[in-house]
Protein chains: 2
Amino acid sequence: MNFPRVGPMIDESNSTGKVTGRRAALRHVTEEKIFIAAETVFAQAGFGGATMQLIANLSGIAKPNLHYYFGSKELLYRAVLQRIFRMWLRAAEVMDDASTPAEGIGGYIDAKMEISRLNPNASKVWANEVMHGASMIQDCFKDAFFEWTSARISVIERWVAEGKMLPVNARYLLYLVWASTQHYADFGHQITILNHDTPLSDVEWETAKRSVKELVLRGIGAELNY
Amino acid sequence: MNFPRVGPMIDESNSTGKVTGRRAALRHVTEEKIFIAAETVFAQAGFGGATMQLIANLSGIAKPNLHYYFGSKELLYRAVLQRIFRMWLRAAEVMDDASTPAEGIGGYIDAKMEISRLNPNASKVWANEVMHGASMIQDCFKDAFFEWTSARISVIERWVAEGKMLPVNARYLLYLVWASTQHYADFGHQITILNHDTPLSDVEWETAKRSVKELVLRGIGAELNY
DNA sequence: ACATGTTTTGATTAATTGGTCAATGAATTT
DNA sequence: AAATTCATTGACCAATTAATCAAAACATGT
């Protein structure tokens with residue numbers, strides 16, 4: 001395969017690795033605008049339903065310019081996925097620094113619920129990708145994803161070994177935490193319908209978060225102390 | 001709006017309400033083939049990414065015949081959604097007949113996990129629809145969905161009132177059960193990736209099911225007796 | 001000011017796709 | 001068996017869409 005070169009001939013071999021100057025700043029701003037718009041459109045319509053024209057309109061950038069920046073619809077989509085993956089990695093850092101399950105898993109649930117609240121589109125794009133075969137994930141960051149998950153499972157299994165929580169299956173616990181937190185992003189519309197067509201209020205978000213956290217921590221025998 | 005009439009002039013005013021005869025039987029078989037194919041294609045590609053041609057090929061039916069049977073892509077999609085909704089309604093009957101949370105919620109988790117295992121595509125189509133705005137659900141069965149959920153919440157709240165389980169928020173408990181069971185269908189590909197590119201075996205499914213059930217039941221203070 | 005490389009966009013294209021139609025085949029009724 | 005209604009399909013159309021291109025606008029270093 002012979003991909004066409006995309007974007008400017010930026011010299012990334014300088015000392016800082018950063019590109020500075022007016023032009024580079026503008027480029028960064030434009031890229032960010034495209035990311036936000038693309039995330040929204042991909043979340044609302046899926047990869048197949050999304051159109052470059054919609055992304056162009058929403059970002060206020062001419063359609064050919066999208067191709068200038070990202071080459072193709074698929075490459076743009078991959079870039080969006082990668083951004084999301086990086087955000088998720090950061091959210092799990094709480095678990096590594098924690099010494100108890102209540103702190104680690106509770107904090108992770110908090111972080112994930114916060115992402116669901118503030119970045120629902122990101123979660124939806126990911127969910128969409130996984131549902132439709134996860135082929136981009138396979139291609140791009142399968143290994144990183146696997147390693148990352150294995151490391152988190154080890155942390156949980158250590159807590160079990162240390163008797164800090166009940167001997168639950170760490171893998172399926174992780175899946176349950178992912179599912180029950182991301183649900184609030186991915187199924188936000190359903191939750192709104194069941195909430196009398198009103199998005200969850202701040203108070204309701206707090207209640208939901210506490211419900212998930214308490215149920216999970218009690219379920220693994222690592223109650224919070226109030 | 002003036003929708004074209006679709007399908008044959010079946011006389012449904014006879015005593016049984018059923019249509020019999022060779023033709024009606026063939027029609028039923030054809031409809032079923034279309035449903036299966038459509039569910040698969042919609043699950044794999046989403047509404048936007050699905051094409052009538054793909055559904056035609058997969059079902060072995062000429063494309064114009066799809067339109068003869070269902071009118072349009074959107075009407076076919078709605079019919080698929082409705083079929084899924086009916087299946088879900090049936091799964092919740094366990095809860096109504098149960099006298100204890102362990103029996104009711106445990107049985108519901110079993111039923112939902114079984115659906116995720118046997119009908120992953122159905123779950124994916126629903127998830128997809130909700131993620132992309134749930135507009136068809138709004139149009140078609142918003143009220144039915146709301147009523148159905150309210151009734152299940154009442155059942156749980158009665159158990160709480162009777163002291164059969166801890167005072168958890170019934171609504172968010174229901175969401176957690178939905179999320180953590182449907183996850184095994186919607187995120188099946190992700191689970192496979194993390195399982196060394198191997199779909200869950202029967203034993204692993206059993207373990208996953210038990211993990212979810214034990215964690216939830218312990219979390220709501222309604223342990224199973226072994 | 002000039003030359004050079006970068007960014008932007010209007011116009012266009014080739015390919016795809018939902019939907020239609022007229023003609024044919026098959027079942028059912030009279 | 002003739003007439004009627006239902007089912008099926010090849011060929012086609014109008015609309016959409018990802019991607020391209022050439023030319024214009026812009027920024028940067030000399």
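The dialogue below treats a backbone torsion and then a helix.

Reply: This is a predicted model, in which local features need pLDDT of at least 70, side-chain atom pairs count only at pLDDT 80 or more, and totals for chains, interfaces and linings use all residues. Residues are numbered from 1 along each chain as its sequence is written, chains are lettered from A and ligands numbered from 1 in the order in which they are written, and side-chain values use heavy atoms, without hydrogens and water.

Me: What is the phi of Ala134(A)?

Reply: Most residues other than glycine have a negative phi. Ala134(A), however, has a positive phi near 55°. Ala134(A) lies in the loop between helix 7 (120-131) and helix 8 (135-161) of chain A; helices are DSSP runs of H or I with at least four residues, numbered from the N terminus. In chain B, Ala134(B) also has a phi near 55°.

Me: Is Ala134(A) buried or exposed?

Reply: Ala134(A) counts as buried because its relative accessibility is 1%, where buried means under 20% relative accessible area (1.4 Å probe, protein chains only).

Me: How many residues has helix 11 of chain B, and what covers its buried residues?

Reply: Helix 11 (residues 202-219) of chain B has 18 residues and spans 26 Å between its first and last C-alpha, close to the 26 Å expected; the expected span is 1.5 Å times one less than the number of residues. Its buried residues include Trp205(B), Leu215(B) and Val216(B). Their cover includes helix 9 (170-186) and helix 11 (202-219) of chain A. Just after helix 11 of chain B, Gly221(B) has a positive phi of about 70°.

Key. Helix = DSSP H or I, 4+ residues; strand = E, 2+ residues; numbered from the N terminus. Buried < 20%, exposed > 50% of the residue type's maximum accessible area, 1.4 Å probe, protein only. Contact = heavy atoms within 4.5 Å.
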